[in-house]
Amino acid sequence: MIPVGFEYVRATSVDEAISLLVEHGEEATLLAGGHSLLPVMKLRLAAPEVLIDIGRLSELSYIRVEGDEIAIGAGTKHRALEASELLAKECPLLPAAAHTVGDPQVRHRGTIGGSLAHGDPASDLPAAVLALGGTIVLRSPRGQRTVPITGFYTGVFSTVRDPDEVIVEVRVPRTGGAGWAYEKFVRRANDWAIVAVAVVDGRIGLANMGPTPLRASAAEAALADGASIEEAAALADQATDPVSDVPATAEYRRHLARVLTKRALTTAAGAAG
Amino acid sequence: MSILGTRVQRVEDPLFLTRGAVYTDDLVDERLAGALHLTLVRSPVAHARITSIDVSAAREAPGVVAVVTGAEIGLEPVVLQGGAPKETARPFLATDKVRFVGEPVVAVLTEELYQGQDAADLVEIDYDPLPAVVDPEEALKGEVLLFEDLGTNVVGGFGLDKEFDEHLFDDCEVVVTQKLVNQRVAAAPLETRAAAAVWGDDGRVTLWASTQNAQSARDAVAGWLGVERDVVHLITPDVGGGFGAKIGADPEFALVAQLARITGRAVRWSETRSENMTGMLQGRAQIQTITIGGNRNGDVLAYRLDVLADAGAYPRLGMFLPYFTRQMAPGVYDIPKVESRARTVVTTTTSIGAYRGAGRPEATAAIERAMDLFAAEIGMDPAEVRKRNVIAPDKFPFTTKGGATYDSGEYAKAIDKALEAADYAGLRAEQARRRERGDTVALGIGVSAYVEITGGGAFAENASIEVHPDGTVTVLTGTSPHGQGHATAWAMLASEHLGVPVEKITVKHGDTDLIPRGAGTMGSRSLQTGGVAVYQAAGELVELAKQRAAEVLEASVEDLEVAEGAVNVRGTTTSITLAALAEKEPLKVQTKFDSGAPTFPFGAHVAVVEVDLETGRAVVDRIVTVDDAGPVLNPLLADGQRHGGIAQGIAQALLEEVRYDDEGNPITATFADYAFPSAAELPSFTLVDMATPTPLNPLGVKGIGEAGTIGATPAVQSAVIDALSHLGIRHIDMPLAPLRVWEAIQAAKGDA
């Protein structure tokens, strides 16, 4: 439970973090809340040579309305999402999903950017942002680019983020009165999702149903074509590829995806207005 | 007014909540200044021959002072459990063969803790893999042997001298049989195992260790080191939970002491959580086959329990626990014919030891499942079947067909109290309504009745008590609290006799030089042995004080009484304080209390669960418990013991299971994968009072530490199965986690 030795640098700005990434190349890893990275380092499953700490950059911590979207600084902590009155009004799915992450200690450390960058398919926020159709803003020496979350993940724990890029912002639409729901299935309150389903405005995001967060596209299409909730939910596990592990078999996960989608769609239908 | 029975707040807590406890790893002691840190290289494979060990690179790593292999440790392999075959001796560091993932192979000593893992990673060990054997039923076949010289994996047994009676169930109208798995669980105390050792110029070793009984840990370590027991001075700092897994000493303790001897330096060791989840003793791990028979009127006539116990790789206390399981096989029931046997096998897994209840929960789980299955078969209410078959209150002391002599009990009354507090009839009506409506969330009600043994095996305990000239009092006890609150409870017992407030009474334990004799804290024994000894010592001290005061006050002993820390002549203002008496000569007594037999607390639990029929998820909505351990010394402490026990009982029923893959790799060795619960997974508990005294000690008290676990586990398991009974489901093995419950529902639908 002691990590391999590493250098630690605390960046004082995003620009400095980027130059440090350029300087140290692939040996460097960004540290924000640390609640995903530090455990794997302590288990020696990861051994970065340099940790660049961006956890205290206040320029990355904000939630504000920009036109039809809400811009969220990548360093915004789960707890801030959970407690945001703005999000509660404009995008209530996100605080609901954030509320289910780990426990209060984790939520006071973990950040939305860190969660999205880590790319654990069982995490809550990637599935929620996927359902929201959000975008991710990355900055590098080459400037800034915006990647839709639908194109962000390439596999388990892997994304299109370049080694010298920093996620600076997450943008989600103002969903206002659109129906939404977050259904997370766990053994214990602070566990990762066995399966979770995020629904908003007819879009469906799935956590832990494959190597990346997934959209339940077949179910969405059926809904759009006027299918009933039951009919659409029955398609929720199509084109998914869930794993079998200690708490669940792949077959059970498929079943849960269908049940939770039915429940989430029913709740969302009731909440719309 | 007596202080006994009152809710005195824990005197331990102000320090624990402010400064924090001082666990072994927190110790600041000048003797440990500059201590070396031990990092153990542990086997990553379950079963293999060691073909080579190369420590040359590790020896060159920064901060390394020594790297020690099994060939160099200078300790002979030892049989860790009395009665285990000599071939099962465990080396302190493996040399030829490893037998479970986590077995220590090489010891690395570094100046700084952080250097240890880096150096350990440089140790190169070649393993020639052998097949693992994880399933006890496979181990029984003996196709893969852990100890070739033994020629079998069977290391112990009870009741094997005669065959089962083939006519046992001849008189029964109904016979039901079922295989049960009482799954392996991890104790997972918040403080993992730790030890520190230093040898003095006097040739003695001071060993600090996290254990539940300093004196027997001292004896074990001395034996392993090959020294007289008074060479070892063992001290237990604060201990952060044990649950049975810290009974006695682990081989690592002797390893720490031996490495300190080899290097001539102090050595410290505090294992990581990952090490703890494979290295610390685990619990339960029995496969049981139960057969119950009786008549359709509800009378149970015969019961058979066949136990196959998993000892893990090297036999420890777990090898012995089926003895208790057999002894308690009939539970609270008066069953005319009972027979049982137990076999224990070794497997390539972590060793099994005691875990909250230790052998008795396994018995209760079996008989309570049997009663449910019997009730379901004859179509009678499970609570009714239980009440019909319990031992009548006028039959105590009662010697069961399991061979135990129960001291006192009123089992039907306990069941009735629990049913009444839970509104059993109302719950059954609600269950019927939900079924009628076809609700997605089913209601299940589980009833368990239990009796257990406390103070089993160690009936005697020592205590001494001394009043000091400043008026303070010191109590020395051979028990070993690690969360139970003895500092408060023992002070209350002394205060009752002396009239000295608890704030002025200090309770000391766990230092073998100060307290050479004691049996520690396990098996819910402390109050009925150590507590009673303190109470007796205080009483004896009162008599001693009266005799001394009689001379000083020129009064007769009969006219004296002790109150508020002073000896008074009745009806006068003449008195002398105990402190003043202590000024003249030490005012101190030492005593021993021996009950000569264990006591048998009992109770009944009613669990109410909701099961989501679509997902299989079960949630405990309520649990109502009657836990009768005789008169309660301090309800605050007793309730705390019940709460913790109930939580662990619910956890085994619904969540916890240590699992291995077919190669013997642990797959639940982190807290992310091993599902022990938090408060969020538990309901509030409804505790119902009942107190039936034992005649075996002057306070009438029995043990309470394990009751909650023993009663709650079967009640919750039963409740989940009850919620599904309308689907034709009669049994699901623990833990009743969502996947398993869903699969049972699917199978039932397939059958329908």
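Biologist: What should I know before reading the model?

Modeller: Residues are numbered from 1 along each chain as its sequence is written, and chains are lettered from A in the order in which they are written. Because the model is predicted, local features need pLDDT of at least 70, side-chain atom pairs count only at pLDDT 80 or more, and totals for chains, interfaces and linings use all residues.

Biologist: Which residues have the most contacts inside the largest nonpolar core?

Modeller: In soluble globular proteins, nonpolar side chains tend to be buried together. A nonpolar core is a set of buried Ala, Val, Leu, Ile, Met, Phe, Trp, Tyr and Cys residues joined through C-beta atoms within 7 Å; buried means that 20 or more other C-beta atoms lie within 10 Å of a residue's own, with C-beta atoms placed from the backbone. Here the largest such core has 324 residues, and A:Leu93, B:Val221 and B:Val256 have the most contacts inside it.

Biologist: How many residues of chain B are in contact with chain A?

Modeller: Two residues are in contact if their C-beta atoms, placed from the backbone, lie within 7 Å. By that rule, 21 residues of chain B touch 14 residues of chain A.

Biologist: What is the secondary structure of chain A?

Modeller: Helices (H or I, at least four residues) and strands (E, at least two) are DSSP runs, numbered from the N terminus. Chain A has eleven helices and 14 strands. Its C-alpha trace spans about 55 × 45 × 30 Å along the principal axes of chain A. Of the 273 residues of chain A, 51% are buried. Among contacts in chain A between residues at least 6 apart in sequence, 63% join residues at least 24 apart.

Definitions and conventions: Buried ≥ 20, exposed ≤ 12 C-beta atoms within 10 Å, placed from the backbone.
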